[in-house]
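This note is written for a colleague who meets the structure for the first time. The points below may be read alongside the sequence and the model.

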Amino acid sequence: MAVSERVGLRRKLPDEGIEQRTDSIVAVDRLHLRGRRLPISFVQSPTYVAWAAQLLNIDPAYFGNCATIAVTGPKPAVAVYSSYNGVNCEVTIAATGKNWLKRPILSVLLAYPFVQLECRRITLLISDSNQKTRQAAEHVGFVHEGYLREFLKNGEGCHIYSMTKTEYEVSKY
């Protein structure tokens, strides 16, 4: 059973009538793959933040002032960029499928903090029970940095992963 089914969440992103935009990021050349537009919305959307928070079973206030990138389609995902301090940005991804793991989409999700925000590093927190996402993060090039005990509401711990700008620049993304 998917997480979204357990919490009774709609598996579709809220329709806000947002036009798909590919011009709001510095790395515009990364948003096209062989002439195809990617199914991505760059928006600052409280609705998308609420959707991600509900899917992950966390309080939307956790994100504070944040930006979102939505991967639209039959298995949507939302990347929430929060806790930006000029050096680091925390990235939280809520997804109903693996659509966000495609190389061109990952390229955009990583380009936003490193190219647009000019972060020196980004941080992921991945729940202890989410083994597949931890493996995917390591495959992409994130480095395991530590563990936060009893970090989530349900008492579960989180693994801390990071990627530096240098690691991003030499990666295949």
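1. Phenylalanine 63 is buried, with a relative accessible area of 2%. Its ring pairs with that of tyrosine 62: the centres lie 5.6 Å apart and the planes stand at 75 degrees, so the arrangement is edge-to-face. Tyrosine 62, by contrast, is partly exposed, at a relative accessible area of 37%. The model under discussion is a predicted one, and the structure holds 3 aromatic pairs.

2. Another of these aromatic pairs joins phenylalanine 114 and tyrosine 168. Their ring centres are 4.7 Å apart and their planes meet at 20 degrees, so this pair counts as stacked. Phenylalanine 114 belongs to helix 3 and tyrosine 168 to helix 5 (residues 165–170), so the pair ties together parts that are 54 residues apart in sequence. Both partners are buried: phenylalanine 114 has a relative accessibility of 0%, and tyrosine 168 has one of 5%.

3. How many salt bridges does the structure hold? There are 2. In one of them, the side chains of arginine 121 and glutamate 145 meet at 3.1 Å, taken from N to O. Arginine 121 lies in strand 7 (residues 121–127) and glutamate 145 in strand 8 (residues 143–148), so this contact ties together parts that are 24 residues apart in sequence. Arginine 121 is partly exposed at 24% relative accessibility, and glutamate 145 is likewise partly exposed, at 44%.

4. A salt bridge also links the side chains of aspartate 128 and arginine 134, with an N to O distance of 3.8 Å. The pair still qualifies because the cut-off is 4 Å. Are these two residues buried or partly exposed? Aspartate 128 is partly exposed, with a relative accessible area of 34%, whereas arginine 134 counts as buried at 12%.

5. Glutamate 118 is not a glycine, yet it has a positive phi of about 60 degrees. The residue sits in the loop between helix 3 (103–116) and strand 7, and it is exposed, with a relative accessible area of 57%.

6. Glutamate 150 also has a positive phi, of about 45 degrees, although it is not a glycine. Where does glutamate 150 lie? Its place is in the loop between strand 8 and strand 9 (158–164). Glutamate 150 is exposed, with a relative accessible area of 67%.

7. The residues above may now be set within the whole chain, which has 5 helices and 9 strands. Read from the N terminus, the order of these elements is α-β-β-β-α-β-β-β-α-β-α-β-β-α.

8. Some totals complete the description. The protein chain has 173 residues, of which 45% count as buried. Of the contacts between residues at least 6 apart in sequence, 58% join residues at least 24 apart. The chain exposes about 9,400 Å², and carbon and sulfur atoms supply 50% of that area.

Notes. Residues are numbered from 1 along each chain as its sequence is written. This is a predicted model: local features need pLDDT of at least 70, side-chain atom pairs count only at pLDDT 80 or more; totals for chains, interfaces and linings use all residues. Side-chain values use heavy atoms; hydrogens and water are left out. Helices (H or I, at least four residues) and strands (E, at least two) are DSSP runs, numbered from the N terminus. Buried means under 20% relative accessible area, exposed over 50%, partly exposed in between (1.4 Å probe, protein chains only). Contact means heavy atoms within 4.5 Å. Accessible areas come from the Shrake-Rupley method with a 1.4 Å probe; for residues, only the protein chains shown count as cover. Rings of Phe, Tyr and Trp (its six-membered ring) pair if their centres lie within 6.5 Å; planes under 30 degrees apart count as stacked, over 60 as edge-to-face and the rest as tilted.
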